[in-house]
Amino acid sequence: MKKMFAMMMAATMALSLTACGGSGQTETTAATTAAAAEAETKAEAAEAPEEKATEAAAEVAAAATDLGNILEGKTVGFAQTDSMSAWRTTETDDIKKVVEEAGGQFIVKDAGGDIATQESDIRDLVAAGVDFLVVAPLEDNGLQGALQEAMENEIPVILVDRGIDGEAGTHYTTAIASDFVWEGEQCAKALKEALPDGGNVVIINGGYDSSTSTDRQKGFVDNLDDKYVIVAEQDGEWLMDKAQSVMENTIQAQGGENIDAVFCVTDDMVQGAMNAIDAAGLTPGEDILTIGIDGSRAAFEAVEEGRQLASCTCSPYFGNIVVSTISRIIDGEELPAFIVNEDTLYTKENVQVELGF
């Protein structure tokens, strides 16, 4: 199914349909970048999630382009974490575009990276009487009370790209996300192929309060053996300049010659790490291998040039999958608690720069 996603991506990128997200619950879909809008299975998916999810993906992909004015007279509120990266701004713009194309009104609140602000934003959207609430949770905890308030006010809640420590039916209706652990696993596999004899590895994560960061790191670390030594691990706060500072300090402390690879949980932070490697007079991709996740155009260009070893996709295009999910809620369909979007690992052998966001 992972290979199928890559084919779908190339065939239907113009429809831009995908998600990035949290890990593990019950359903798998091929709804990634290609118009694979929200491909989760129907209520019966619990019986055979893998097979039925594949069938559902095709159905939803076909329906995603013909949503009509399903949201006419409806308002969709979006509580976004921040606008500090291309990934986030692309996510917001894509949801807005498809909501408005479906005849709906779109209201966005930007938390600016502050969990208390995001909690307040959610309560404001509830008070404004939105019909549907879409939330990209900043952290695993801190939003449960506000989300429960929305649910108690009969406002369906759709979590996107990250999960929370909460319960479907109480804190949210459904969550749409990628499998972060799988993403980390693929990055580990790429590193082991490139450095079969092992080496010293630096990890730059996004903090420990987000399932995105912790799951990606877990998938990466758990799939390395004793030949690979984690010589440094630090929070890059999701930011390019912060990751650059972290890598500069790490090179100074460890010595660039003693570092074989750096794994960042986002491609933006890989860009920062590569800036630090360049500044130290070293060459990314030769002296120090770099690996990241998201599938940005800048990352794909770096992979093509050989400066970045690999990038695993986690697309920000959520518009079609969110609106398709809302249409199913309107139709009274029972949704699974979790909808998994598939991703693809790109290396120099298979990278397609035009697919980057």
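The legends below describe close-up views of a predicted model.

Residues are numbered from 1 along each chain as its sequence is written, and side-chain values use heavy atoms, with hydrogens and water left out. Because the model is predicted, local features need pLDDT of at least 70 and side-chain atom pairs count only at pLDDT 80 or more, while totals for chains, interfaces and linings use all residues.

**View 1. The whole chain and its confidence.**
The chain contains eleven helices and 13 strands; helices (H or I, at least four residues) and strands (E, at least two) are DSSP runs, numbered from the N terminus. Of its 357 residues, 57% are buried. Buried means under 20% relative accessible area, exposed over 50%, and partly exposed in between, with a 1.4 Å probe and protein chains only. Contact means heavy atoms within 4.5 Å; among contacts between residues at least 6 apart in sequence, 73% join residues at least 24 apart. The average pLDDT, the predictor's confidence in each residue from 0 to 100, is 85 for the chain, and 82% of the residues score at least 70. Over residues 1-64 pLDDT stays under 50, and for this stretch the model has 187 contacts beyond four places in sequence. Where pLDDT is low, the predicted coordinates should not be read in detail.

**View 2. The nonpolar cores.**
A nonpolar core is a set of buried Ala, Val, Leu, Ile, Met, Phe, Trp, Tyr and Cys residues joined through side-chain atoms within 4.5 Å. The largest such core has 66 residues, of which L191, I204, F220, M247 and V262 touch the most other members. Leaving out residues up to four places away in sequence, F220 touches G184, E185, C187, A188, L191, V201, I203 and F263. A second, separate core has 23 residues, including I115, I122, A150 and A177. In soluble globular proteins, nonpolar side chains tend to be buried together.

Helix α6 covers residues 180-194. At the start of α6, a side-chain oxygen of D179 comes to within 3.2 Å of the backbone nitrogen of V181. The buried residues of α6 are F180, V181, W182, E183, G184, Q186, C187, A188, A190 and L191. A188 lies in this helix and has a relative accessible area of 0%, so it is buried. Apart from neighbours within four places in sequence, A188 is in contact with G219, F220, N223 and L224. The C-alpha atoms of A188 and L224 are separated by 6.3 Å, although the two residues are 36 apart along the chain.

**View 3. The buried side of helix α10.**
In α10 (residues 297-305), A299, F300, A302 and V303 are buried. They cover an arc of only 160° around the axis and therefore lie on the same side of α10; the arc is that of the directions from the helix axis to the C-beta atoms. The cover over the buried residues of α10 includes α9 (267-279), β11 (310-313) and β13 (345-347). Just after α10, G306 takes a positive phi of about 90°.

**View 4. Residue G77 in strand β2.**
G77 belongs to strand β2 (residues 75-80). Its relative accessibility is 0%, so G77 counts as buried. Not counting residues up to four places away in sequence, G77 touches I107, L125, V130, F132, L133 and V134. G77 and I107 are 30 residues apart in sequence, with a C-alpha to C-alpha distance of 4.8 Å.

S178 is found in strand β6, which covers residues 174-178. S178 is buried, with a relative accessible area of 0%. A polar contact of 2.9 Å joins the side chains of S178 and D343. A polar contact is a pair of N or O atoms within 3.5 Å; within protein, one must be able to donate a hydrogen and the other to accept it, and residues adjacent in sequence count only if both atoms are side-chain atoms.

E154 lies in the loop between α5 (144-152) and β5 (157-160). Its phi is near 60°, a positive value in a residue other than glycine. E154 is exposed, with a relative accessible area of 71%. D161 is in the loop between β5 and β6. Although D161 is not a glycine, its phi is positive, at about 65°. With a relative accessibility of 1%, D161 counts as buried.

Key
The expected span of a helix is 1.5 Å times one less than its number of residues.
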